[in-house]
Amino acid sequence: MTDPGKQSLQVVLVLLCVCQLTSGLKCACPLCTNHTCETAPDGACWNSVMLIDGKEETVKSCLSPSEMKGQVFCYSSKNVSKRNCCFTDFCNNETLHLHSERPSEEPGWSGLQLTVVILVPCCLLCLGVLLGVCLVQGHHCAYGRAHKQDPEEPLDDQMLMSPDKCLKELIYDMSTSGSGSGLPLLVQRTIARTIVLQETIGKGRFGEVWRGKWRGEDVAVKIFSSRDERSWFREAEIYQTIMLRHENILGFIAADNKDNGSWTQLWLVSEYHEHGSLYDYLNRYTVSVEGMVVLALSIASGLAHLHMEIIGTQGKPAIAHRDLKSKNVLVKKNGMAAIADLGLAVKHNSSTNTIDIPFNHRVGTKRYMAPEILDESINLNNFESFKRADIYSLGLVFWELARRCSVRGLHEDFQLPYYDMVPSDPSIEDMKKVVCDQKLRPSIPNQWQSCEALRVMGKLMRECWYANSAARLTALRVKKTVSQLSETKDVKD
Ligand SMILES: Nc1ncnc2c1ncn2[C@@H]1O[C@H](COP(=O)(O)OP(=O)(O)O)[C@@H](O)[C@H]1O
Ligand SMILES: [Mg+2]
């Protein structure tokens with residue numbers, strides 16, 4: 001097609017998209033009821049294919065406006081995955097493949113050409129009005145969005161960031177700008193690409209975590225290998241959930257996928273906490289009663305925020321963590337905790353009562369798995385199940401914490417839950433035998449009865465560990481009980 005021809009087709013497509021953006025889109029979604037999902041008014045249909053263990057796996061679903069804001073997700077990195085966000089009903093119905101040389105635009109365009117011929121007259125009518133509204137309100141219109149999808153576009157960071165802005169200011173700007181979901185993509189990339197890595201600080205399931213410097217400030221960089229692109233993608237997506245930001249959830253800064261020609265570097269940048277994980281901290285130090293209560297209250301507050309659904313345009317979906325453990329909780333300088341490692345989290349869509357199960361099938365850490373996960377009796381169709389399993393794990397984290405609480409010089413050594421009942425790298429079978437069959441739980445030391453805060457913590461743990469998940473406390477209840485504890489006399493003394 002000639003250039004002017006292509007341009008006019010682009011313009012018409014843009015007009016079509018503008019029309020579509022006024023209402024929700026219907027998209028193909030094999031995992032949803034009736035194989036269909038519906039987006040919010042300016043969402044998009046999502047179509048992707050990824051190479052997993054040598055097999056192509058496709059995902060078709062709806063993308064919310066908040067996910068679109070992150071826009072990282074509309075990109076493809078060569079060889080590993082191909083992604084496509086599109087803006088007409090069921091436009092994601094085609095099957096993507098990885099081997100084709102050209103991106104999947106060509107077949108998609110010819111299909112759309114047909115639609116264009118039919119729909120142009122209708123759309124021309126509403127076009128003028130809508131474009132006017134779009135321009136006046138300064139919204140990113142569909143053309144802008146399509147344009148931004150070119151990952152090789154030069155970064156115009158001067159426009160977006162003044163050189164003297166520090167991270168706190170940028171994050172403050174972002175949280176007051178109304179989106180509540182994350183920094184604009186170009187700012188994220190600019191930050192990520194000007195970080196100087198300093199030293200490794202952690203190793204988890206996926207690659208390494210580094211301390212890095214950005215404009216003199218410490219940041220944490222989690223580096224995924226290109227093999228784990230799905231995990232990187234998922235974690236970045238969860239962190240950019242609208243209104244997720246909370247003082248007890250690790251502060252997300254940026255996600256970046258940099259193609260260096262032979263492989264893709266996948267970075268997640270977050271606030272750096274020099275004390276590291278709660279696991280490292282409790283191994284090294286004991287805590288006072290007050291210190292324990294501050295940590296317990298902040299973990300419960302972070303989890304309650306994660307679990308809570310907030311309704312409204314500035315709301316957030318309920319989220320379950322699914323891998324809560326002392327290694328995934330960080331200790332901040334002010335003595336509070338921040339919940340980290342959201343790579344396994346699931347979001348609840350209450351309007352359709354669906355769960356967006358992550359693309360990867362990684363499950364939590366065996367030692368911290370609730371009995372219903374170990375024996376597979378968990379009802380995966382009920383979102384409450386995931387929250388209740390988190391509460392069980394929370395009880396175990398509280399147990400690790402309370403053991404290190406030093407009262408009159410007395411405290412326990414650091415131990416992982418069930419350290420005295422299962423081998424060091426327990427299998428599901430090992431855990432099942434202890435937790436489900438013998439119904440054992442970590443032991444509560446007798447001396448906890450002589451300190452009010454430890455006595456309450458012990459009672460709380462037991463109420464998080466019930467075999468009957470419905471009987472367990474909620475995160476909000478745990479938070480309230482611990483917060484009452486912080487008012488009691490022996491904590492203040
Ligand atoms: N923001 C951070 N500040 C300080 N240490 C961190 C930070 N993020 C991660 N770590 C360290 O790296 C470890 C692994 O990080 P995590 O996000 O849990 O990765 P994984 O998904 O590989 O388990 C943590 O247990 C912690 O010790
Ligand atoms: Mg982890």
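Three strands, β6 (196-203), β8 (217-224) and β10 (264-271), each supply at least two residues of the shell around ligand 1. Strands here are DSSP runs of E with at least two residues, helices are runs of H or I with at least four, and both are numbered from the N terminus. The model is predicted, so local features need pLDDT of at least 70 and side-chain atom pairs count only at pLDDT 80 or more, while totals for chains, interfaces and linings use all residues. Residues are numbered from 1 along each chain as its sequence is written, chains are lettered from A and ligands numbered from 1 in the order in which they are written, and side-chain values use heavy atoms, with hydrogens and water left out.

There are 19 residues around ligand 1, and R205, K222, E271, K327 and N328 come nearest; a residue counts as near if one of its heavy atoms lies within 4 Å of the molecule. Some polar contacts (pairs of N or O atoms within 3.5 Å) can be listed. A nitrogen atom of ligand 1 is 2.7 Å from a polar backbone atom of E271, and a nitrogen atom of the ligand is 3.1 Å from a polar backbone atom of H273. At S270, a polar side-chain atom lies 3.4 Å from a nitrogen atom of ligand 1. On its own, ligand 1 has 550 Å² of accessible area, and the protein covers 92% of that; such areas come from the Shrake-Rupley method with a 1.4 Å probe.

N328 also coordinates the magnesium ion (ligand 2) through OD1, together with D341 (OD), at 2.1 to 2.2 Å. The two residues are 13 residues apart: N328 is in the loop between β11 (319-320) and β12 (329-331), and D341 is in the loop between β13 (337-339) and β14 (346-349). Donors are N, O and S atoms within 2.8 Å of the metal (3.2 Å for Na, K and Ca); water is not among the atoms, so sites may look incomplete. Are N328 and D341 buried or exposed? N328 is buried, with a relative accessible area of 6%, and D341 is buried at 13%. Buried means under 20% relative accessible area, exposed over 50% and partly exposed in between, using a 1.4 Å probe and protein chains only.

Nonpolar side chains tend to be buried together in soluble globular proteins. The largest nonpolar core has 83 residues, of which M292, L342, F398, M461 and V478 touch the most other members. Such a core is a set of buried Ala, Val, Leu, Ile, Met, Phe, Trp, Tyr and Cys residues joined through side-chain atoms within 4.5 Å. A second, separate core of 16 residues includes L183, I223, I253 and W267.

Definitions and conventions: Polar contact = N/O pair within 3.5 Å; in protein donor to acceptor, adjacent residues only side chain to side chain.
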